[in-house]
Amino acid sequence: LVKSQWEADGSGGKLWYGSLPPGDYVCVTVADNGHGMNGDVMRRAFEPFFTTKPVGEGTGLGLSVLLGMVKTMRGGIVLSSHVGKGTTFKLYFPYVSQQREVSVREELAPQILQKTQQTILVVDDEKNLRDVVASTLLAAGYAVETAENGVDALRLVSANPQKWDLILTDWSMPQMAGDKLALAVHGLRADLPIILCTGRGDQIEQFAPLPLAAILSKPIFGKSLIEAIDRALNQKAAA
């Protein structure tokens with residue numbers, strides 16, 4: 001498959017995501033017979049926060065998260081759609097012929113296995129994202145607690161500021177956004193590392209004055225996420 005190759009016709013076409021070498025793959029196909037997408041929508045389908053739904057009815061993160069997860073597993077996606085004829089997603093994953101003995105923890109982050117267990121607070125109003133990130137961090141050896149918005153997170157930190165080793169928070173959330181949470185937490189405990197995740201690349205510059213250990217572009221999963229957290233914790237230890 002060729003990365004981002006576009007084949008267009010009058011009513012839609014095909015879009016390929018992923019650069020897959022020759023080999024054996026498992027294909028999972030999901031299709032519908034709905035309205036379909038035109039070329040402009042297809043080109044933006046995996047863009048974070050892009051949605052064709054009315055305001056308040058969709059976050060536009062589902063497909064971007066899917067693409068991030070598939071890429072983490074070294075796979076690719078073929079999106080096919082024609083207006084009035086429905087849409088088909090084909091997900092390709094490398095075929096593994098033998099059961100692997102390497103544990104998830106060893107594959108994700110061997111560099112952190114010898115450390116004392118550290119506690120991370122994961123803050124995100126999207127439950128599916130929150131659960132995926134929490135599972136990844138648990139598998140990597142961290143203790144994890146979650147909060148669904150900034151207000152709940154601040155309540156947890158206020159109750160025991162010294163409990164936490166790092167906060168991983170989304171930026172765009174109801175009640176209290178991630179940047180406001182970072183400022184409030186900094187007032188309680190200035191040395192607590194905070195990683196802010198955002199799908200809005202155009203907003204990153206405004207975060208520069210905030211007390212952040214890192215700013216990550218969503219979606220981010222697996223080894224890349226663990227490495228970013230590890231860097232932030234190492235920076236704190238060296239300070």
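This is a predicted model: local features need pLDDT of at least 70, side-chain atom pairs count only at pLDDT 80 or more; totals for chains, interfaces and linings use all residues.
Q: How many bridges join S8 to S9, and what makes these two strands count as a pair?
A: Four bridges join S8 to S9, and the two strands run parallel. Strands pair if DSSP finds at least two bridges between them, so S8 and S9 qualify. Strands here are DSSP runs of E with at least two residues, helices are runs of H or I with at least four residues, and both are numbered from the N terminus.

Q: Which strands make up the open sheet, and what is their order?
A: Five strands form the open sheet, in the order S7-S6-S8-S9-S10, with parallel pairing. Neighbouring strands are turned by 20° against each other on average, direction ignored; axes are lines fitted to C-alpha atoms, for helices over the stretch in contact, and angles run from 0 to 180 degrees between N-to-C directions. S6 and S8 are joined by four bridges and run parallel, with Val-123 opposite Thr-169 in S8. Four bridges also link strand S9 (residues 194-198) to S10 in parallel, where Thr-198 stands opposite Ser-217.

Q: Why are strand S7 (143-147) and strand S10 (214-217) called edge strands?
A: Each of S7 and S10 pairs on one side only.

Q: What makes S9 a largely enclosed strand?
A: Five of the five residues of S9 are buried, so the rest of the structure largely encloses this strand. Buried means under 20% relative accessible area, exposed means over 50%, and partly exposed lies in between (1.4 Å probe, protein chains only). Ile-194, Leu-196 and Thr-198 on one side of S9 and Ile-195 and Cys-197 on the other are all buried, which leaves both faces covered.

Q: How do you know that S8 is mostly covered?
A: Five of the five residues of S8 are buried. Leu-166, Leu-168 and Asp-170 point one way, Ile-167 and Thr-169 point the other way, and all are buried. In a regular strand the side chains alternate between the two faces of the sheet.

Q: Which strands does helix H5 (residues 150-159) lie across?
A: Helix H5 lies across strand S6 (119-123), S7 and strand S8 (166-170), and runs at about 155° to S6.

Q: Why is Gln-118 classed as buried?
A: The relative accessible area of Gln-118 is 17%, which is under 20%, and therefore the residue is buried. Gln-118 lies in the loop between helix H3 (104-108) and S6. Not counting residues up to four places away in sequence, Gln-118 touches Tyr-142, Ala-143, Asp-165 and Leu-233, where contact means heavy atoms within 4.5 Å.

Q: Why is Pro-94 called partly exposed?
A: Pro-94 has 32% relative accessibility, a value between 20% and 50%, so the residue counts as partly exposed. Pro-94 is found in strand S5 (residues 86-94). Leaving aside neighbours within four places in sequence, Pro-94 is in contact with residues including Asp-24, Tyr-25 and Arg-74. Arg-74 follows H2 and has a positive phi, near 60°. The C-alpha atoms of Pro-94 and Pro-21 are separated by 9.7 Å, although these residues are 73 residues apart along the chain.

Q: What makes the group around Val-28 a nonpolar patch?
A: Val-26, Val-28, Val-30 and Tyr-95 form this patch on the surface, with about 350 Å² of accessible area together.

Conventions: Residues are numbered from 1 along each chain as its sequence is written. Side-chain values use heavy atoms; hydrogens and water are left out. Patches are made of residues with over 30% relative accessible area and no salt bridge: like charges are joined within 9 Å, nonpolar side chains (Val, Leu, Ile, Met, Phe, Trp, Tyr) within 5 Å. Accessible areas come from the Shrake-Rupley method with a 1.4 Å probe; for residues, only the protein chains shown count as cover. A salt bridge is a side-chain nitrogen of Lys or Arg within 4 Å of a carboxyl oxygen of Asp or Glu.
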